[in-house]
Amino acid sequence: MTTDVEKPPQRNGNHIKHKLIPSKLVSPPSGPQGPYRLPKNQHFRDHRRFGFSNIMLVLVILFLFAPLFVVITYSFNAAKGMRWTGLSLEWYKKLFFDSNELWRAFGNSIMIAFSSALVATMLGSLAAIGIKWYRFKARAYIQIASFLPMVLPEVIIGISMLIFFSAIKVQLGMFTIFAAHTTFNIPFVFLLVSARLDEFDFSIIEAARDLGATERQALFKVVIPSIMPGIVTSMLMSVTMSLEDFVITFFVSGPGSTTLPLYVYSMIRYGVSPVINSLSLVLILGIMILALTLRRFLKTIAASS
Amino acid sequence: MNVKQTTVRERRLGITYSSPMGIWLTVFFMVPLLIIIAYSFLTKGLYGGVEFPITFDAYLQMANPNFMRVLLRTVWVTTLATALTIALALPCGYAMARSKHQTLWLGMVIVPFWTNSLIRIYAWIAILSSEGFLNEMLKALGFIKESLPLIYNQGAVTAVLIYMYIPFAILPLFTTIDKFDFGLLEAARDLGATKPQAIFKVLMPNIRSGIITSVIFTFIPIFGAYTVPLLVGGKDSYMIGNIIVDQVTKTRNWPLASAFSLIITLISTLGVLWMMTSTARERARIKQQPLKDREDTLGPSHNGLTSAGRVS
């Protein structure tokens, strides 16, 4: 991200070593492993199975999962509190059949997540292509603008948008949440798609153009199909982040636009209901399915999140 | 080699592709930031909002000892939590990079990371509160009679902050260490270095940029934390994020909130600049090496996107 500013756009594919077979324009997403790397499974003397770092890793993973396990376990508790009284599916019954408001909030969340992910993916991917391959005046500005939202604390983004919307007298509601979510999703899409484009050779476009493809044909028939995995990954990431966001949404939401995290927040603040426990399991299962779907891209995601 | 200079067509295409995003970010991100800067120099309106004249009042109000205390506490809690997070994350990133099951471990870090942050905070409330899991457990086992005050204090805030942000540190560290050639450690050992020497003199300098990145991406969001101190902290664990939100929603002092936001923005930007220069310096150093070695260190498709992420 940082050094792209100085680097000339990759115009000629001389530096790219692999053979250019159109279906393999983009190297498999198993990770950016260079040709000189040592095999991963090679074990050195110093790395023991029960060494310090492995034990730490297991402890930290336990630390990360322990609270979730507690919550999931108590979602099957018959009583309301944290004293175990017996097994029951009471709170699941309540979650699925007696939580209209929660599901309405969930509906709002889904609507915002998909619309904002769609817009963010379109804007971010196109811009990634433009920034990567072409040089023009506003290039550096756009790069900075796409980087800053990612590093500023959420409170700052939320408050600046709140002040902005009230300064231009826009009613807070679904639209403002959509706008805010699109804004914080764009940088991730931009970054993920740029990473994908790094592995793409520009000379393919020139070949397509030489063979008579128009700019639009080259874009839709060559570029977009080959960066599709990156686009899909970033879209799913955007949906997840949008569903998850609380702080920014908290500031730009208005009456009647409660999203799921906002609803959970009100449940925590004004009387905890064990329905949160059962909801946790449902959400965690959803995330696990998503992580499994994206398992081939986890390394790329790790490098950009 | 035929590196073309910027042509008109190229410029036109670049702008066509990038301007939708550029315009969106200008309207919904840059303009709001500029408004905040402007508001921080205005006067608080009678019913919220802002009024002229232009003053430095907001900045003078920040000198209030109450705010200073919160600011100092925020710096202290953030530094402590960041240091502990990195200390925990480093061995994790190392172990993950050396593991044969990288994807599995990544999944194990990412699943809690993607789980709704409120659910995760709620889980800690359920564990730590006076009738929570831990106290009930200890009582049932007969260790204690009265509930321990485990929540609504600074310790709880620090612990939960570490819990929330440790994935932000692990992921960039993993990405950087994964690019490290572990054969170098072996070589160092063969040349007589002890194990700690090999780690601190060979591994650490080589993953410097990853460490800086993870410091930045833990420090900045913790510095602006709002939800965690609000939900698991007491009155004595308020952080600067809470002050800002109170100024916006309760006191309706927008200039003051803007001034505080501006300070945080500046600190964050400085941190990011530090990170960028250190990454750039590292790349410059690598550029001086012969081409073959360079690819060895960076990998052919390294793009400088070592890591970047934001709280969500």
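Modeller: The model is a predicted one. In the contact, 110 residues come from chain B and 102 residues from chain A.

Biologist: Which helix gives the most to the side of chain B that touches chain A?

Modeller: By class, that side of chain B has 65 nonpolar, 29 polar and 16 charged residues. The element of chain B that gives the most, with 22 residues, is helix 1 (residues 8–39).

Biologist: How are helix 3 and helix 10 of chain B oriented to each other, oblique or roughly antiparallel?

Modeller: The axes of helix 3 (residues 65–98) and helix 10 (residues 208–223) of chain B come within 9 Å and cross at roughly 140°. Angles over 145 degrees would count as roughly antiparallel. Helix 3 and helix 10 of chain B are therefore oblique.

Biologist: How many charged residues does the contact of helix 3 with helix 10 of chain B have?

Modeller: Helix 3 of chain B contributes residues including Thr78(B), Ala81(B) and Ile86(B), and helix 10 of chain B residues including Val215(B), Thr218(B) and Phe219(B). By class, this contact has eight nonpolar residues, six polar and, of charged residues, none.

Biologist: Is Tyr152(B) buried, partly exposed or exposed?

Modeller: Tyr152(B) lies in the loop between helix 6 (133–140) and helix 7 (154–178) of chain B, and has a positive phi of about 65° although it is not a glycine. A residue counts as buried with 20 or more other C-beta atoms within 10 Å. Because Tyr152(B) has 19, it is partly exposed.

Note on methods: Residues numbered from 1 in each chain as written. Chains lettered and ligands numbered in written order. Predicted model: local features only at pLDDT ≥ 70, side-chain atom pairs only at ≥ 80, totals over all residues. Contact = placed C-beta atoms within 7 Å. Helix = DSSP H or I, 4+ residues; strand = E, 2+ residues; numbered from the N terminus. Nonpolar A, V, L, I, M, F, W, Y, C, P; charged D, E, K, R; others polar. Buried ≥ 20, exposed ≤ 12 C-beta atoms within 10 Å, placed from the backbone. Axes fitted to C-alpha atoms, helices over the stretch in contact; angles between N-to-C directions. Parallel < 35°, antiparallel > 145°, perpendicular 65-115°, else oblique.
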